[in-house]
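Biologist: I would like to learn how to read a model of this kind. Please take the features one at a time.

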Amino acid sequence: MPRENATDYGSTLELLPEWYVLVAKCGKCRHQGRIERRAIAGTHGWDVDLNSIGRTLKCSRCGNREGNKLLIGKLPRD
């Protein structure tokens, strides 16, 4: 699944098509993990700008809060 940096997408969570997935990438240990959009919406709302989410992320592996990125992946569609 190819991944794009969310800063290149320039959209809101609400406008993101359902066949896209959100992936967090740690700036320190490079751990990657999928993020449920409902969890983000519960914290930030559906109208949150995708560009602003990366700096609010905390790595679930090492606890890092700096340099984290939000990536967007497109699921295959048959």
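Modeller: Start with the surface. This is a predicted model, and its protein chain exposes about 5200 Å². Carbon and sulfur atoms supply 43% of that area.

Biologist: What share of the 78 residues in the protein chain is buried?

Modeller: Buried residues make up 37% of them.

Biologist: How many helices and strands does the chain have, and in what order do the elements run?

Modeller: There are two helices and four strands. Read from the N terminus, the order is β-α-β-β-α-β. For contacts between residues at least 6 apart in sequence, 63% join residues at least 24 apart.

Biologist: How do I read the two sides of a helix?

Modeller: Begin with the general idea. An α-helix has 3.6 residues a turn, so residues three or four places apart point the same way. Now take helix α2, which spans residues 37-44. Its buried residues include R37, I40 and A41. These residues lie on the same side of α2 because they cover an arc of only 100 degrees around the axis.

Biologist: Which residues are exposed on the other side of α2?

Modeller: R38, G42 and T43 are exposed there.

Biologist: What covers the buried residues of α2?

Modeller: The cover includes two strands, β2 (20-25) and β3 (32-35). As for what comes after the helix, α2 is followed by G45, whose phi is positive, near 90 degrees.

Biologist: Which residues is H31 in contact with, leaving aside its neighbours within four places in sequence?

Modeller: H31 is in contact with A24, K25 and C26, and also with C59, S60 and R61.

Biologist: And aromatic rings: how many aromatic pairs does the structure hold?

Modeller: It holds one. The partners are W19 and Y20, with 6.3 Å from centre to centre. For the geometry, look at the angle between the planes: under 30 degrees counts as stacked and over 60 as edge-to-face, with the rest tilted. Here the angle is 35 degrees, and the pair is tilted.

Biologist: How do the accessibilities of W19 and Y20 read?

Modeller: W19 has 29% relative accessibility, so it counts as partly exposed. Y20 has 11%, so it counts as buried.

Conventions. Residues numbered from 1 in each chain as written. Predicted model: local features only at pLDDT ≥ 70, side-chain atom pairs only at ≥ 80, totals over all residues. Heavy atoms only, no water. Buried < 20%, exposed > 50% of the residue type's maximum accessible area, 1.4 Å probe, protein only. Arc of directions from axis to C-beta. Contact = heavy atoms within 4.5 Å. Areas by Shrake-Rupley, 256 points an atom, 1.4 Å probe, with all protein chains shown as cover. Phe/Tyr/Trp six-rings, centres within 6.5 Å; stacked < 30°, edge-to-face > 60°.
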